[in-house]
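I opened my notebook to record what I looked up in one structure. The entries follow in the order I made them.

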Amino acid sequence: MGYDEISKNSRSITSGNWNVLYWVLGSICLPVVMPLVLLNLWHRSLIAKKRKHLPGKVVLITGASSGLGEAMAHVFYKAGCKLLLAARRLEELERVKNDLLDLEIVGVAYPPSVLQLDLAELNAMSRFAEKAISIHGGVDILINNGGISVRANIINTALDVDLKIMTVNYFGSVALTKAILPSMVKRQSGHVCFISSVQGKFALPHRSAYSASKHALQAFADSLRAEMSNKGIKVTCISPGYIRTQLSVNALTSTGQIHGKMDKATAEGMSAEACAERILTAVLTGDKDLIICNAQARIAYYLHFLCPSIYFWIMANRASKLEKED
Ligand SMILES: NC(=O)c1ccc[n+]([C@@H]2O[C@H](COP(=O)([O-])OP(=O)(O)OC[C@H]3O[C@@H](n4cnc5c(N)ncnc54)[C@H](OP(=O)(O)O)[C@@H]3O)[C@@H](O)[C@H]2O)c1
């Protein structure tokens, strides 16, 4: 075969390759990728448009003294909201408030208010709600975020610990929501958010009371959403996976002591800031139910209802491993 023939063959192979590439681009990539790109652009412009309605909105965040609550305080403050920051530790709330006041904000910013709240004090909730409402004349967005976790197996856990976790994580948020809700119904507007957990979708061993409280919160949110659907009030339930916060450090042991240790999974979790940004977007778009987690948690979530026997087997192994570590 002469040089000319080889070069002609290689030119036709090259042009053949280009034809295949054009065909792949034209027939597969463009029809699939273009709509996705356009959808993404439309979603971004929708969020930007909705963001313009946030300045001046009154946002009450429980558990605003650390972790996810603190991160949400930052994103809602930067969006121009009037913040009501609630938790037990006033000095930590003041620190968060001062950090916010030190930020250089482009656009409108309102000084946050700090309110002491113990979610375990159910009888004090109406008084707390009255005080919170009186500051700006109402609450537009209530974010039920404050909570505690547990690190203990069921057999050794004192019932008081189960009660404490259910009270803070479930009844505390329920009592606060019920205390704020009438004023929202009267104004025919408002948004109630619940920070649940992926453990509100599927339970883990050594987290019984925590998982149970989050399952209860999810059910409460679902009922509330249905009941409020014709009253102009939105309800969002957010289920994050592991977030890098103090949750495991502040968790209770079987006797109600502070666990005091950072879990590996929590330390390797998503940042509270990224989660808070995603929650702000969910509030803007009015998401009803949102899971924010990595692939591993998402697989567990799907296994739980698509293939429960595999999920039960994985959890049994996990429980045996935890028992050996104790
Ligand atoms: N970190 C995670 O991996 C993860 C994953 C999914 C969901 N979540 C949820 O995210 C929420 C925030 O937790 P975090 O991760 O940010 O943990 P964190 O850093 O320990 O923050 C917990 C917050 O809850 C407040 N709190 C605890 N007990 C309270 C009580 N009795 N009354 C009022 N406030 C109370 C704490 O404030 P004071 O101590 O000042 O009262 C603190 O501000 C929780 O509901 C948690 O279940 C966390």
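**Entry 1: salt bridges**

I looked up D99 and found that it forms a salt bridge with R95, with the closest N and O atoms 3.5 Å apart. A salt bridge here is a side-chain nitrogen of Lys or Arg within 4 Å of a carboxyl oxygen of Asp or Glu. This is a predicted model, in which local features need pLDDT of at least 70 and side-chain atom pairs count only at pLDDT 80 or more, while totals for chains, interfaces and linings use all residues. Residues are numbered from 1 along each chain as its sequence is written, and side-chain values use heavy atoms, with hydrogens and water left out.

Because D99 and R95 are four residues apart in helix α3, about one helical turn separates them. Helices (H or I, at least four residues) and strands (E, at least two) are DSSP runs, numbered from the N terminus. An α-helix has 3.6 residues a turn, so residues three or four places apart point the same way. D99 has a relative accessible area of 30%, so I noted D99 as partly exposed. My scale was: buried under 20% relative accessible area, exposed over 50%, partly exposed in between (1.4 Å probe, protein chains only).

Next I took D222, which forms a salt bridge with R225, the closest N and O atoms being 2.9 Å apart. Both residues lie in helix α6 (residues 208-228), three residues apart, about one turn of the helix. Buried or partly exposed, I asked of R225? R225 counts as buried because its relative accessibility is 15%. D222, at 35%, counts as partly exposed.

I also listed R278 and D287, whose side chains meet in a salt bridge (3.9 Å, N to O). R278 is partly exposed, with a relative accessible area of 32%. Salt bridges that share partners join E70, E92, R95 and D99 into one network. The structure holds ten salt bridges.

I checked the length of helix α2 (residues 67-78). Its twelve residues should span 16 Å at 1.5 Å a residue, and the end C-alpha atoms are 17 Å apart, which agrees. The expected span is 1.5 Å times one less than the number of residues. Ten of the twelve residues of α2 are buried, among them L68, M72 and F76. What covers them includes β1 (58-62), α3 (90-101) and α9 (272-285). Just after α2, G80 takes a positive phi of about 90 degrees.

For α9, the 14 residues should span 20 Å, and the end C-alpha atoms are 20 Å apart, which agrees. Its buried residues include A272, C275 and I279. G286 follows α9 and has a positive phi, near 70 degrees.

**Entry 2: T236**

I found T236 in strand β6 (residues 233-240). T236 counts as buried because its relative accessibility is 0%. Which residues does T236 contact, leaving aside its neighbours within four places in sequence? They are H191, V192, C193, F194, G286, D287 and K288, where contact means heavy atoms within 4.5 Å. The side chain of T236 reaches the backbone oxygen of D287 at 2.6 Å. The C-alpha atoms of T236 and D289 are separated by 5.7 Å, although the two residues are 53 residues apart along the chain.

Methods: Polar contact = N/O pair within 3.5 Å; in protein donor to acceptor, adjacent residues only side chain to side chain.
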